[in-house]
Amino acid sequence: MSNFQQYKLELEELDRQFKTQNPTDVLQFCYNYFGNRLQQQRQYLWSQKQKADTLGLTLFPSTDEIARDVQRKSVPQFKNTLSDNDPHTKHQTLESEDPHAISSGEPSAGLFKTSFESSQASPFHTSASSSGAALSPTDGAQPFNSTNYSGFAASAAKSTMRINANRRTSVSAEALNPETFGEDGWKPPVHQFTSEQLQRLNASVVKNFLFSQLDEDSLKTIIFALEEKRAPQGTEIIRQGDEGDFFYVVEKGTVDFFVNGQKVNSSGPGSSFGELALMYNSPRAATAVAQTDCILWALDRMTFRRILLEGTSKKRSMYENFLKEIPLLKSLSSYERSKLADALNSEFYSVGQNVVTEGEAGENFYFIESGTADVIKSGEGVVSKLNKGDYFGELALLYDSPRQATVKATSPLKVVTLGKSGFQRLLGPAVDVLKLQDPTKH
Ligand SMILES: Nc1ncnc2c1ncn2[C@@H]1O[C@@H]2COP(=O)(O)O[C@H]2[C@H]1O
Ligand SMILES: Nc1ncnc2c1ncn2[C@@H]1O[C@@H]2COP(=O)(O)O[C@H]2[C@H]1O
């Protein structure tokens, strides 16, 4: 692609995003757009260093500090040079003991100088190796130990907030766009697993609904990019305000979440967390602490963005407004509604079709997104009429019983479905409301 074509593509993309987002501050918007694009390209080229050399691009200014990082073979993070000095950004500096850490309040000295930092190796205990070396069968079963924990806590304290502080940019503005990278040589990490690890992955993580929409190739990519990490009880897995590096799926244990020191949430096996900072390039929105010994599977930021970002953000924006309007879900926080959106799917039924049939086993809970349906009981006929925003199918899931009635579409029907595991995990206090409103008891 010629430089001119590339330039035109950039302008077209900027134009598209401008029209979608209609920003109030035009210069800031353009500034962020190009800063982020540059950051993405440099990050990408670092992973493709050879390609950068061929293009004659000097990626790194040769300061001593940077040379040391390169020698250590740590992967540098290319920052948007602007975020540190962005007048719209409220800076917050966490205490830093790291001599390489750049204070977020410091003015930048050059295009890449202050935007350059070495990524900190995760102090988590890792039992899958990215070097590709085969693991011994015992590797998957290392005991929890306190050294792992203290290492993690010390490292977390060193982080400073640097990217898009206190600001959540749109997902699309930040999304990596493979097309604009031309022939994209991005390669996800490929880890090797013991057969015991593979068994555990298949039994739990692979069934996560976030992965259920993926085609076979994407699913494989995700699975092999996952890294097993163990967090003994009390480990601070994520610290609020840090930048995002990994997305986590919980295989075992419970994780607590704190926002400004207040506990806001906990989640257990089958849940996931750490997506917000990766989706929006924003600082971590909460602190995540292992309430019990946890086994987690971590997915690196790039693989998350390349493979999971689009589906996740599409679902969140698709269902966000709809979920807000459902009375049953009023008690959920907006974050809980986002997590619920991740687990939803849409189904369509034509007039006269049964969505659920009396006496059958039930796997899903339903909300009506548009259209109408009748609830019919054998011997009684139509017992209820359902419209937009109504729900059904809760009884089979609440009581593990067969469907108590048939629900039939009376006009073209669009329903949003939630599977059994999401129903039990994501509805929170709404489950009590469902029990109270049981139609068979009224
Ligand atoms: N109430 C909450 N608000 C924000 N984040 C939350 C909340 N509960 C859990 N989290 C998770 O905590 C994570 C902290 O890192 P992230 O901001 O990347 O993503 C966040 C969410 O996945
Ligand atoms: N009077 C009723 N008796 C039984 N089910 C009803 C009634 N009214 C509405 N329903 C809904 O119809 C659904 C059929 O599947 P479930 O039994 O899972 O859950 C049921 C309820 O959501």
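**Helix faces, sheets and buried serines in a predicted chain**

Ser 282 lies in the loop that connects α10 (276-280) with β10 (287-290). Helices (H or I, at least four residues) and strands (E, at least two) are DSSP runs, numbered from the N terminus. The model is predicted: local features need pLDDT of at least 70, side-chain atom pairs count only at pLDDT 80 or more, and totals for chains, interfaces and linings use all residues. Residues are numbered from 1 along each chain as its sequence is written, chains are lettered from A and ligands numbered from 1 in the order in which they are written, and side-chain values use heavy atoms, with hydrogens and water left out.

Ser 282 has a relative accessibility of 5% and therefore counts as buried. Buried means under 20% relative accessible area, exposed over 50%, and partly exposed in between (1.4 Å probe, protein chains only). The C-alpha atom of Ser 282 is 7.7 Å from that of Gly 244. Along the chain, these two residues are 38 residues apart.

The chain has 442 residues, and 49% of them are buried. Its secondary structure comprises 15 helices and 19 strands. Contact means heavy atoms within 4.5 Å. Of the contacts with a separation of 6 or more, 78% join residues 24 or more positions apart.

Helix α1 spans residues 3-21, 19 residues in total. From its first C-alpha to its last it reaches 27 Å, close to the 27 Å expected at 1.5 Å a residue. The expected span is 1.5 Å times one less than the number of residues. Glu 10, Glu 13, Leu 14 and Gln 17 are the buried residues of α1. Seen down the axis, they fall within an arc of 100°, so they line one face of the helix. The arc is that of the directions from the helix axis to the C-beta atoms. Phe 4 and Lys 19 are exposed on the face of α1 turned away from the buried side. Asn 22 follows α1 and has a positive phi, near 45°.

Helix α7 (residues 195-203) has the buried residues Gln 197, Arg 200 and Leu 201. These cover an arc of only 100° around the axis, which puts them on the same side of α7. The face turned away carries the exposed residues Ser 195, Gln 199 and Ala 203. The buried residues of α7 pack against α9 (216-225), β4 (227-231), β6 (246-252) and β11 (294-300).

One open sheet has four strands in the order β5-β10-β7-β8, with antiparallel pairing. Two strands pair if DSSP finds at least two bridges between them. The edge strands, β5 (236-238) and β8 (262-267), each pair on one side only. Neighbouring strands of the sheet are turned by 30° against each other on average, direction ignored. Five bridges link β7 (residues 255-259) to β8 in the antiparallel sense. Ser 267 in β8 is the bridge partner of Val 255.

Another open sheet of four strands runs in the order β12-β19-β14-β17, and its pairing is antiparallel. Its edge strands are β12 (344-349) and β17 (391-392), each pairing on one side only. Helix α11 (residues 301-324) packs on this sheet and touches β12, β14 and β19 (413-419). The direction of α11 makes about 75° with that of β12. Axes are lines fitted to C-alpha atoms, for helices over the stretch in contact, and angles run from 0 to 180 degrees between N-to-C directions. Strand β14 (residues 364-370) is joined to β17 by two bridges, and the two run antiparallel. Phe 367 has Tyr 391 in β17 as its bridge partner.

Strand β18 (residues 406-409) pairs with β13 (residues 354-356) through two bridges, in antiparallel fashion. Lys 408 in β18 is the bridge partner of Asn 354. Four bridges join β18 to β15 (residues 373-377), also antiparallel. Here Val 375 stands opposite Val 407 of β18.

Ser 272 belongs to strand β9 (residues 272-273). Its relative accessibility is 7%, so Ser 272 counts as buried. Beyond its neighbours within four places in sequence, Ser 272 contacts Leu 210, Phe 247, Tyr 248, Val 249 and Lys 339.
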